[in-house]
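Good morning, colleagues. Please look first at the sequence and the structure, and I shall then take you through selected features.

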Amino acid sequence: MYGILLSFLFPCITNQETYEIHYYTISNNFIDSVRPDIDYIRKERIIESIYDSSVKYSINPLLVLSVMYHESNFKNVFGDSGNAVGYMQISIDTAQEMYPNLTRDELYDKLFYDVEFNVDTGVRFLRVLLDKYKIRGIAIKRYNGNGPAARKYSKKILKTFNMLYVIYSDYCP
């Protein structure tokens with residue numbers, strides 16, 4: 001699965017180590033450019049969580065990085081409605097659908113205090129949406145809801161993703 005993901009996303013990269021180095025470099029530089037105040041350990045946890053979950057669910061990590069940037073600006077925050085939590089801004093209702101054995105309080109705590117769980121839940125939800133809608137733009141729009149605001153949101157994420165992808169492709173000969 002991983003080899004297929006690499007060859008499809010970045011055909012010029014022939015091994016996992018090279019892919020990881022480029023991903024970490026771009027992610028690190030991007031987060032530093034938008035959040036220079038973030039501490040090193042937290043940034044590393046975010047970058048590693050994105051990478052691990054992206055590989056697990058076969059989603060380009062640069063797309064996840066773009067979603068997280070627009071959802072929370074890499075801040076562990078509560079959403080405007082008070083129902084969305086953490087870096088990936090997962091609603092408790094969405095998390096409860098994915099983890100029916102956990103209570104709302106347990107989900108709230110895990111989504112807020114466990115970086116890896118928050119990122120994994122967000123990437124897992126994005127995978128569900130991609131499988132359901134088959135079109136990246138629609139899946140991203142649904143990640144944020146529906147309507148005109150969600151459409152604008154989707155366009156911003158795809159613009160960021162395309163920018164990161166172009167930067168990444170500069171590493172290819």
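I begin with a side-chain pair: R35 and D37 are joined by a polar contact of 2.9 Å between their side chains. A polar contact is a pair of N or O atoms within 3.5 Å; within protein, one must be able to donate a hydrogen and the other to accept it, and residues adjacent in sequence count only if both atoms are side-chain atoms. R35 is found in the loop between α2 and α3. At 10% relative accessibility, R35 counts as buried, where buried means under 20% relative accessible area, exposed over 50%, and partly exposed in between, with a 1.4 Å probe and protein chains only. Not counting residues up to four places away in sequence, R35 touches N73, F74 and K75; contact here means heavy atoms within 4.5 Å.

A word on the basis of these values. This is a predicted model, in which local features need pLDDT of at least 70 and side-chain atom pairs count only at pLDDT 80 or more, while totals for chains, interfaces and linings use all residues. Residues are numbered from 1 along each chain as its sequence is written, and side-chain values use heavy atoms, with hydrogens and water left out.

Now the overall layout. The chain has nine helices and two strands; helices (H or I, at least four residues) and strands (E, at least two) are DSSP runs, numbered from the N terminus. Their order from the N terminus is α-α-α-α-β-β-α-α-α-α-α. Of the 173 residues, 47% count as buried.

Which residues touch the most other members of the largest nonpolar core? They are I46 and Y143, in a core of 46 residues. Such a core is a set of buried Ala, Val, Leu, Ile, Met, Phe, Trp, Tyr and Cys residues joined through side-chain atoms within 4.5 Å. The largest share of this core, eight residues, comes from α7. Leaving aside neighbours within four places in sequence, Y143 is in contact with residues including V67, M88, I90 and Y153, and also with G122, F125, L126 and L129.

Let us turn to α7 itself. This helix, residues 115-133, has 19 residues and reaches 27 Å from its first C-alpha to its last, close to the 27 Å expected at 1.5 Å a residue. The expected span is 1.5 Å times one less than the number of residues. Among its buried residues are V115, F117, V123, F125 and L130. At the start of α7, a side-chain oxygen of D114 reaches to within 3.2 Å of the backbone nitrogen of E116.

Finally, two backbone exceptions. Most residues other than glycine have a negative phi. S58, however, has a positive phi of about 55°, and its place is in the loop between α3 (40-57) and α4 (61-72). K134, which follows α7, has a positive phi of about 70°. S58 counts as partly exposed at 29% relative accessibility, whereas K134 counts as exposed at 66%.
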